Amino acid sequence: MITLGDYLIVSGILFVIGFAGVMLRRNLIIILMSLELMLNAANLSLVAFSRFRVDSTGLPNYDVQVFVFFIITVAAAEVAVGLAIIVALYRARQTTDVKDISSLKF
Amino acid sequence: MSPFLFWIFALLTLIFGAAVVINRNPVASAMSLVVSFLGLAALFMSLNAYFIGIIQVLVYTGAVMVLFLFIIMLLDLRAEEGRQINWLASAGGLAVALILLGQIFSVVGHLTIAHKAFPPLPGSTIDDVRNIGAALFGNYNLPFQIVGVLVLVATIGVVLLSKRQPR
């Protein structure tokens, strides 16, 4: 039998994988991908809670799913802006490695 | 959904999620992320959130990952594969991540509702899209329109950022 805790554990492990990616990798594009993993882990736990907290009619809590919808929209906009910044950075410095981008002004 | 299918898709999501971090080649990372997101969409559908699952496939594995692959190929990022790894910093980052993992396990383990099964739904099929649409255009109409403005601002921002500055 699958419980709420199983989904929360999977979501937690996925979040930690994304977190480890942000901590360990130095390629900006991989860091952005790891951020996406973390956002999706949060979405998974939100949807699991939405299914768990049924309302008086017995349906899942749809307020939470609307919230997940907003998160997905904002994440897509964030990826577009982030990748545009990476492209602009690559044009200026010819690198996407965070080790090479250590000065505040150039 | 049967527990067997749940664990299959959960393992798929987690293994390919780990492959995103482990792979040295950015294109391989992006392809692993696609598989991971597909597994996650299956998990959403196992929670009877069909609309969210479809949106996940359309937006993430469709639009966002194509954008990632496009940028990776545009920048031609093969040069940095053979770089030296700073083992001390890596061990520190891994230690922080493992501490967070232990914290999450401990919190979920102590949560009493985490050991309960999901309550049954009234029917075998639920009108998922209609209910989300009613909530989105009724109760959450103002946030919905604000998100529309946000997407517009993001579009304009991306165009401005990627325009070549005159020197």
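Author: Happy to. Let's start where two chains meet: the buried residues of H6(B) pack against helix H3 (62-93) of chain A. Helices here are DSSP runs (H or I, at least four residues), numbered from the N terminus. Before going on, note that this is a predicted model, where local features need pLDDT of at least 70 and side-chain atom pairs count only at pLDDT 80 or more, while totals for chains, interfaces and linings use all residues. Residues are numbered from 1 along each chain as its sequence is written, chains are lettered from A and ligands numbered from 1 in the order in which they are written, and side-chain values use heavy atoms, with hydrogens and water left out.

Reader: Which residues of H6(B) are buried?

Author: The general idea first: an α-helix has 3.6 residues a turn, so residues three or four places apart point the same way. In H6(B), the buried ones are B:Val147, B:Ala154 and B:Val158; buried means under 20% relative accessible area, exposed over 50% and partly exposed in between, with a 1.4 Å probe and protein chains only. They cover an arc of only 30 degrees around the axis, so they sit on the same side of H6(B). That arc is taken from the directions from the helix axis to the C-beta atoms. On the face turned away from the buried side you'll find the exposed residues B:Leu142, B:Leu152, B:Val153, B:Val159 and B:Leu160.

Reader: What span should H6(B) have, and how far apart are its ends?

Author: The expected span is 1.5 Å times one less than the number of residues. For the 22 residues of H6(B), residues 141-162, that gives 32 Å, and the end C-alpha atoms are 32 Å apart, which agrees. Helix H1 of chain A (residues 4-24) also agrees: its 21 residues should span 30 Å, and its end C-alpha atoms are 30 Å apart. H1(A) is mostly covered, with 15 of its 21 residues buried.

Reader: Back to the packed pair. At what angle do H3(A) and H6(B) cross?

Author: Two packed helices are described by the angle between their axes and the distance between the axes. Here the axes of H3(A) and H6(B) cross at roughly 10 degrees and come within 9 Å. Axes are lines fitted to C-alpha atoms, for helices over the stretch in contact, with angles from 0 to 180 degrees between N-to-C directions. The two helices are therefore roughly parallel to each other (under 35 degrees; over 145 is roughly antiparallel, 65 to 115 roughly perpendicular and the rest oblique).

Reader: Where is B:Leu14, and what does it touch in chain A?

Author: B:Leu14 belongs to helix H1 of chain B, residues 3-22. It's buried, at 13% relative accessible area. Not counting residues up to four places away in sequence, B:Leu14 touches A:Val10, A:Ile13, A:Leu14 and A:Ile17.

Reader: Is A:Ser50 buried or exposed?

Author: Buried, at 0% relative accessibility. A:Ser50 is in helix H2 of chain A, residues 28-52. Leaving aside neighbours within four places in sequence, A:Ser50 is in contact with A:Pro60, A:Asn61, A:Val64 and A:Gln65.

How values were computed. Contact = heavy atoms within 4.5 Å.
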